[in-house]
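Trainee: I would like to go through the labels on this structure one by one. Please hold each label against its cut-off.

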Amino acid sequence: ARINIKYFAIILIILSIYQTSFNNLKYQLIDKKTPEFFSAVRIIKKFPGPLFTFEPIYGLFSKTNLTFYYNMADMRYFRVMGKNLTEEQYINILGNTNIVLVEPFAKSTIPLTIRDYIQDNFNIVYQDSSQEIYTRNH
């Protein structure tokens with residue numbers, strides 16, 4: 001019975017340390033080092049989805065549904081193959097989304113005509129040194 005109490009006490013101590021230090025460690029190791037990412041996630045959370053992005057991790061962290069398109073989960077098509085969507089595909093995708101995230105890869109991939117389309121049909125709600133977030137004009 002004493003061994004079980006020792007193991008229980010050790011587990012309780014470990015859990016207590018984890019509980020009391022997790023938020024601080026998370027802030028020091030993750031949030032503080034990537035503030036723009038988490039600022040964008042907070043903004044995305046404020047608006048109803050779906051979200052169009054080339055970086056699905058933003059949808060995961062913001063718990064926002066992504067706008068479906070064929071290659072949304074496999075960015076190798078764009079990065080490795082050097083492929084892109086057609087203007088018609090972009091227009092169809094954007095017609096089914098409420099939030100658009102333009103991050104560095106999107107800036108280098110989305111054609112200027114589509115960037116103009118986004119600026120004409122969506123409101124910019126957030127911008128920092130590397131990304132822009134737009135929401136649909138209503």
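Mentor: What follows is a set of labels, each checked against its definition. Keep in mind that this is a predicted model.

Trainee: What makes up the secondary structure of the chain?

Mentor: Seven helices and four strands. In sequence order the pattern reads α-α-β-α-α-α-β-α-α-β-β. The chain has 138 residues, and 36% of them count as buried.

Trainee: Why are H5 and H7 called roughly parallel?

Mentor: Start with the angle. Helix H5 (residues 87–94) and helix H7 (residues 112–121) pack at about 20°. Angles under 35 degrees count as roughly parallel. Therefore H5 and H7 are roughly parallel to each other. Their axes are 10 Å apart.

Trainee: What is the handedness of the crossing of H5 and H7?

Mentor: The crossing is right-handed.

Trainee: How do you know that isoleucine 114 is buried?

Mentor: Its relative accessibility is 1%. Buried means under 20%, so isoleucine 114 counts as buried. The residue lies in helix H7. Its C-alpha atom is separated by 9.4 Å from that of leucine 94, 20 residues apart along the chain.

Trainee: Why is isoleucine 118 called buried?

Mentor: Isoleucine 118 has a relative accessible area of 1%.

Trainee: What makes the contact between glutamate 132 and arginine 115 a salt bridge?

Mentor: The distance between side chains. N to O comes to 3.3 Å. The definition asks for a side-chain nitrogen of Lys or Arg within 4 Å of a carboxyl oxygen of Asp or Glu. So the pair of glutamate 132 and arginine 115 qualifies as a salt bridge. In general, side chains of opposite charge can pair when their charged atoms come close.

Trainee: Which parts of the chain does the pair link?

Mentor: Distant ones. Glutamate 132 is in strand E4 (residues 132–136), and arginine 115 is in helix H7, 17 residues apart. Both residues are buried. The structure holds one salt bridge.

Trainee: Why does tyrosine 7 count as exposed?

Mentor: Its relative accessibility is 52%. Exposed means over 50%, so tyrosine 7 counts as exposed. The residue sits in helix H1 (residues 2–31).

Trainee: Which residues form the nonpolar patch on the surface?

Mentor: Tyr7, Ile10, Ile11, Ile14 and Leu15. Together they have about 520 Å² of accessible area. Patch members need over 30% relative accessible area, and tyrosine 7, at 52%, passes.

Trainee: Is lysine 63 buried or exposed?

Mentor: Exposed. Lysine 63 has a relative accessible area of 73%, and the cut-off is over 50%. The residue lies in the loop between helix H3 (57–62) and helix H4 (76–79).

Trainee: What is the phi of lysine 63?

Mentor: Positive, at about 55°, although lysine 63 is not a glycine.

Trainee: Which peptide bond is cis?

Mentor: A cis peptide bond joins glycine 49 and proline 50, where omega is about 5°. Proline 50 lies in the loop between helix H2 (35–45) and strand E1 (51–52).

Terms used: Residues are numbered from 1 along each chain as its sequence is written. This is a predicted model: local features need pLDDT of at least 70, side-chain atom pairs count only at pLDDT 80 or more; totals for chains, interfaces and linings use all residues. Side-chain values use heavy atoms; hydrogens and water are left out. Patches are made of residues with over 30% relative accessible area and no salt bridge: like charges are joined within 9 Å, nonpolar side chains (Val, Leu, Ile, Met, Phe, Trp, Tyr) within 5 Å. Accessible areas come from the Shrake-Rupley method with a 1.4 Å probe; for residues, only the protein chains shown count as cover. Helices (H or I, at least four residues) and strands (E, at least two) are DSSP runs, numbered from the N terminus. Buried means under 20% relative accessible area, exposed over 50%, partly exposed in between (1.4 Å probe, protein chains only). Axes are lines fitted to C-alpha atoms, for helices over the stretch in contact, and angles run from 0 to 180 degrees between N-to-C directions. Angles under 35 degrees count as roughly parallel, over 145 as roughly antiparallel, 65 to 115 as roughly perpendicular and the rest as oblique. A crossing is left-handed if the near helix is turned anticlockwise from the far one by less than a right angle, and right-handed if clockwise.
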